[in-house]
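Here are a few friendly notes to read with the model open beside you. Take the points one at a time and find each residue as you go.

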Amino acid sequence: MKLRLLDALETDKPILSAPMAGAAGPELVAAVCNAGGYGVIPLWGNSVDQVSAGIDELRALTDRNFAVNLNLSFPYKDQLEACIDKGVHGVSLFWGMEPSAIARAKAAGLVVLVSVGCADEARIAADAGADVIVAQGWEAGGHVWGQVSTMALVPAVVDAVEIPVVAAGGIADGRGMAAALMLGASGVWIGTRFLASSEATIHSDYRARILQASEADTQWSHDLYDVGWPAAPHRALSNSTSKAWADAGCSAPGNRPNEKELIGQRPNGDPVERYQSYTPLPQTVGDVEAMSLWSGQGVSLVREIMPAADIVEEIYLDAKKSLQAGDVLS
């Protein structure tokens, strides 16, 4: 299955970069691709012209294959057609299950990756023609579709389908990759570790929090950062916003402390509201600590800023060493 994954992606290393909207720009995705991995660029929420321009910008930085990530809970059909028109290698579909979208992309010759949170969803996606299943465990940072942990989810999904499965959630080093492969995954999908890459487009305060956080410093919430993307469960670093919300009894939207308070500005001058789903960019100003600082539980393994290519190589080589040294029961 690992070979089938590499053949499908036409790449060298079974390491995929998670499509972290706001953080994973063309430079990060291209660096992963050029290092032999497979980059996934988040272009959902953009106009058709912006999707086309984003693909062109990435192609100017790499001649390797990559996928475009589309969010099925936002308008996506025209954006998918733009991906088809541009002849991208693959599309990554998440936040919903749309067999018709899988079928359309497949009919156009694209490789289709589908993110799932349970084995039943994996079966539906595989039956619709998906090439790769991304099994996202509850440990993952950012928006989290399911509620099953990676260690339980991956083998269940592997047993449910006959196509390659990529493990996502809590994987930040070679040991995690080796463990995922032992569970039957064909590759890994990594997000939080790449937040500490030199190419990640996040605010320095956000990156500093990532480098200092422990495995217990993240918090899963159903609708904490819901402004702009309601009813979308997520995991982020605990901060002053989440602590005040918890102290107030984890009240529902509409009854939370300091709702609609403006806590900063985006680089283009647009306001950032408390409880907004927003990744702080380098030029964001205001109370960055109080914003949605997405992070997975593997954050405690992230302690150094490195080029993305070096992160890919380190994880790959450390995974090989872990697997080669693995006869621990003898």
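1. Which residues of strand β8 (residues 165-168) point one way, and which the other way? In this predicted model, Val 165 and Ala 167 point one way, Val 166 and Ala 168 point the other way, and all are buried. In a regular strand, side chains alternate between the two faces of the sheet.

2. Now look at the neighbours of β8. Strand β6 (residues 132-136) pairs with β8 in the parallel sense, over 4 bridges.

3. Helix α8 leads us on to a pocket. The second largest pocket has a volume of about 200 Å³. The elements giving two or more residues to its lining are α7 (150-160) and α8 (174-182). The largest share, 3 residues, comes from α8.

4. What lines this second largest pocket? You can pick out Glu 139, Thr 150, Met 151, Gly 169, Gly 170, Ile 171, Gly 176, Ala 179, Ala 180 and Leu 183. Sorted by class, the lining has 5 nonpolar, 4 polar and 1 charged residues. For that sorting, Gly counts as polar and Glu as charged.

Technical notes
Residues numbered from 1 in each chain as written. Predicted model: local features only at pLDDT ≥ 70, side-chain atom pairs only at ≥ 80, totals over all residues. Heavy atoms only, no water. 1 Å grid on protein atoms, 1.4 Å probe; cavity = no way out; pocket = protein on both sides within 12 Å on 5 of 7 lines; lining within 4 Å. Points joined across faces, edges and corners; volume = space filled by probe spheres on them. Buried < 20%, exposed > 50% of the residue type's maximum accessible area, 1.4 Å probe, protein only. Pairing = 2+ DSSP bridges.
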